[in-house]
Amino acid sequence: MLTSVLRGLAAASLAVLPLTFPAPAHAAETLPLVEAVTRLPVDTESRDGYDRDAFRHWNTGDNPDDGCNTRAEVLLAEAVEPPTVGPGCRLSGGRWFSYYDQVWVPSASGLDIDHMVPLAESWDSGASAWTAQRREAYANDQGADASLVAVTARSNRSKADQDPAQWLPPDVGVHCRYVAEWVATKLRWSLTADETEVAALREVAAGCPDQSVTYEPAA
């Protein structure tokens with residue numbers, strides 16, 4: 001009888017304890033580029049209501065204590081030759097390689113940080129329905145190497161907010177990589193693609209049999 005009572009009390013106490021099980025981790029997935037393109041949900045796009053200011057950037061970055069914003073942290077992460085970091089996270093010296101146009105850049109001031117999938121394109125593809133916090137997380141995403149890319153200002157501004165049906169890097173030799181990183185970013189953030197975009201992605205992917213895509217869904 002005593003054993004039954006004790007078991008009942010134990011069960012009751014467990015019932016009122018808060019559940020603190022950790023959320024399941026988002027596992028990274030790697031698959032061929034051709035297959036990755038088929039994973040993109042196809043939908044029409046709309047830019048209604050778009051405002052670049054709806055995406056807060058650059059914020060204090062992954063390390064709020066380092067005095068550098070997201071832009072500077074990406075520059076530091078991608079530098080081939082590290083720059084000197086001065087007061088206020090002022091970068092001097094250093095060397096970077098802009099893979100879009102295969103150009104070496106000797107100064108941080110000559111670089112833009114490109115959103116692989118531009119903010120306007122992300123809005124068209126699903127971000128219009130996100131919270132302000134999620135849009136900020138997207139605009140400052142350093143959780144995947146492909147999300148933010150240091151490239152020449154010239155190449156970034158040539159790309160503007162165009163998708164791969166409208167723009168690809170001027171260096172043909174990097175098209176496989178570029179399209180793989182575009183698809184990885186869209187899959188990471190569960191963004192859609194329109195039919196014209198998907199057709200362009202398929203065309204490039206068909207010529208990239210050895211190209212894989214690795215992505216991890218954003219939290």
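Modeller: A cavity is a set of grid points where a 1.4 Å probe fits but cannot get out. Keep that in mind for this predicted model.

Biologist: What volume does the largest cavity have?

Modeller: About 40 Å³. A search of the whole structure with a cut-off of 30 Å³ or more finds 1 cavity.

Biologist: Which residues line the largest cavity?

Modeller: The lining consists of His-115, Met-116, Val-117, Tyr-138, Asp-141, Ser-147, Leu-148, Thr-185 and Trp-189.

Biologist: How do you know which of them count as nonpolar, polar or charged?

Modeller: By residue type. Asp counts as charged, while Met, Val, Tyr, Leu and Trp count as nonpolar. The lining then has 5 nonpolar, 3 polar and 1 charged residues.

Biologist: On to the cysteines. What makes Cys-68 and Cys-89 a disulfide?

Modeller: Their sulfur distance. The S to S value is 1.9 Å. The cut-off is within 2.5 Å, so the pair qualifies.

Biologist: Which parts does the pair tie together?

Modeller: Cys-68 is in the loop between H2 and helix H3 (70-78). Cys-89 is in the loop between strand S2 (84-86) and strand S3 (90-92). These parts are 21 residues apart in sequence. Cys-68 and Cys-89 are both buried.

Biologist: How many disulfides does a search of the whole structure find?

Modeller: It finds 2. Cys-176 and Cys-208 also form one, with their sulfur atoms 2.0 Å apart. The Cys-176 and Cys-208 link is left-handed, with -85 degrees about the S-S bond. Cys-176 is in helix H7, and Cys-208 is in the loop between H8 and S8, 32 residues away. In sequence order, the bonded cysteines pair 1-2, 3-4.

Biologist: What makes Cys-176 buried, partly exposed or exposed?

Modeller: Its relative accessible area is 23%.

Biologist: Which residues touch the most other members in the largest nonpolar core?

Modeller: Leu-33, Phe-55, Tyr-100, Tyr-138, Tyr-178 and Val-183, out of 39 residues. Elements that each supply at least two residues include helix H2 (33-38), H5 and strand S7 (148-152). H7 gives the most, with 7 residues. Another core, of 14 residues, lies apart from this one, with Leu-75, Leu-91, Trp-96 and Ala-150 among them.

Biologist: What is in contact with Leu-33, leaving aside its neighbours within four places in sequence?

Modeller: Among the contacts are Cys-176, Val-179, Ala-180, Val-183 and Cys-208.

Biologist: How do you know whether Arg-134 is buried, partly exposed or exposed?

Modeller: Its relative accessibility is 25%. That falls between 20% and 50%, so Arg-134 counts as partly exposed.

Biologist: Where is Arg-134 found, and what is in contact with it?

Modeller: Arg-134 is in helix H5 (residues 132-139). Its contacts, leaving aside neighbours within four places in sequence, are Trp-189, Ala-218 and Ala-219. Trp-189 also lines the largest cavity. From Arg-134 to Phe-55, the C-alpha to C-alpha distance is 8.7 Å, and the two are 79 residues apart in sequence.

Note on methods
Residues numbered from 1 in each chain as written. Predicted model: local features only at pLDDT ≥ 70, side-chain atom pairs only at ≥ 80, totals over all residues. Heavy atoms only, no water. Helix = DSSP H or I, 4+ residues; strand = E, 2+ residues; numbered from the N terminus. Buried < 20%, exposed > 50% of the residue type's maximum accessible area, 1.4 Å probe, protein only. Contact = heavy atoms within 4.5 Å. Core = buried A, V, L, I, M, F, W, Y, C linked by side-chain atoms within 4.5 Å. 1 Å grid on protein atoms, 1.4 Å probe; cavity = no way out; pocket = protein on both sides within 12 Å on 5 of 7 lines; lining within 4 Å. Points joined across faces, edges and corners; volume = space filled by probe spheres on them.
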